[in-house]
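These are my notebook entries on a structure that I had not examined before. I set down what I looked up, entry by entry.

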Amino acid sequence: MRSTAEALQAFEATVERYLSELENLDMEQLLKKTDEEEWSIGQMYMHLIQSAQFMHLSHIDQCLAESEATLVHTGEKTEQGRAVFELGSFPPVRIRVPASPQYTPQQPGSKQQLSEGLRGVLERMKRTEPALLQAPERNKMPHPRLGPLNAKEWFLLIEMHYRHHLLQLDRLKRELNLQA
């Protein structure tokens, strides 16, 4: 398993790619959808920002705070969870979740909202990484598909998640004819 310092470095490079891609897109391109079932590029950015802020990083905080009420100390990762961490990435397949108000991200209000959101997640990752050295491995929060994860695993998952969505970004750009 890669170190949190290596993951942070890789995450920084991935966020830089997202920011540079964002520079080359206008709002119309960010909001455009190929069909109703698809997310726009802007919605994908919103998903990355919100999942990191409201799920991944908040689960890391709970693991670090050792709040017994919310932690899981038993249980193993699911088979999918073990595979993801052994590979160090999600398999290169599309994961489809049915559209729902709880899961489907809103369209962004502006490019600035997206760039500030990405930078905010990166800053939180930089602040969080040093604390992971003392994080008890037995403090875990459950992931809906991967099983119970500790603070370090949630941290590594953020980088893997952002990297995985680069495939979606490239596919959406192709479908919208935004790249040669």
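I take contact to mean heavy atoms within 4.5 Å. The model is predicted, so I require a pLDDT of at least 70 for local features and 80 or more for side-chain atom pairs, while totals for chains, interfaces and linings use all residues. Residues are numbered from 1 along each chain as its sequence is written, and side-chain values use heavy atoms, with hydrogens and water left out.

**Entry 1: S89**

I looked up S89 and found it in the loop between α4 (79-87) and α5. Helices here are DSSP runs (H or I, at least four residues), numbered from the N terminus. Is S89 buried or exposed? I use buried for under 20% relative accessible area, exposed for over 50% and partly exposed for what lies in between, with a 1.4 Å probe and protein chains only. S89 has 19% relative accessibility and therefore counts as buried. Not counting residues up to four places away in sequence, S89 touches V84, M160 and R163.

**Entry 2: helix α1**

I then turned to α1, which covers residues 4-23 and has 20 residues. From first C-alpha to last it reaches 28 Å, close to the expected 28 Å at 1.5 Å a residue. The expected span is 1.5 Å times one less than the number of residues. I listed its buried residues, among them T4, A7, L8, F11 and E21. Which helices do the buried residues of α1 pack against? They pack against α2 (27-31), α3 (41-65), α5 (111-128) and α6 (151-175).

L19 lies in helix α1 and is buried at 8% relative accessibility. With neighbours within four places in sequence left aside, L19 is in contact with S115, L118 and R119. I also noted that L19 and P108 are 89 residues apart in sequence and 15 Å apart in space, C-alpha to C-alpha.

K126 belongs to helix α5 and is partly exposed, with a relative accessible area of 32%. K126 touches L8 and E12, residues up to four places away in sequence not being counted.

**Entry 3: α3 and α6**

How do the axes of α3 and α6 cross? They come within 9 Å and cross at roughly 175 degrees. α3 is therefore roughly antiparallel to α6, a label I give to angles over 145 degrees. By class, their contact has 19 nonpolar, seven polar and one charged residues.

α3 has 25 residues and reaches 35 Å from its first C-alpha to its last, close to the 36 Å expected at 1.5 Å a residue. I recorded a kink of about 40 degrees in α3, centred on A52. The bend at a residue is the angle between axes fitted to the seven residues ending there and the seven starting there.

In helix α6 I looked up E159, which is buried, with a relative accessible area of 2%. Leaving aside neighbours within four places in sequence, E159 is in contact with R2, A7, A10, F11 and T14.

**Entry 4: positive phi**

Most residues other than glycine have a negative phi. Just after α3, E66 takes a positive phi of about 55 degrees. N177 is not a glycine, yet it has a positive phi of about 55 degrees. I placed N177 in the segment after α6, where it counts as exposed at 67% relative accessibility.

Terms used. Helix = DSSP H or I, 4+ residues; strand = E, 2+ residues; numbered from the N terminus. Axes fitted to C-alpha atoms, helices over the stretch in contact; angles between N-to-C directions. Parallel < 35°, antiparallel > 145°, perpendicular 65-115°, else oblique. Nonpolar A, V, L, I, M, F, W, Y, C, P; charged D, E, K, R; others polar.
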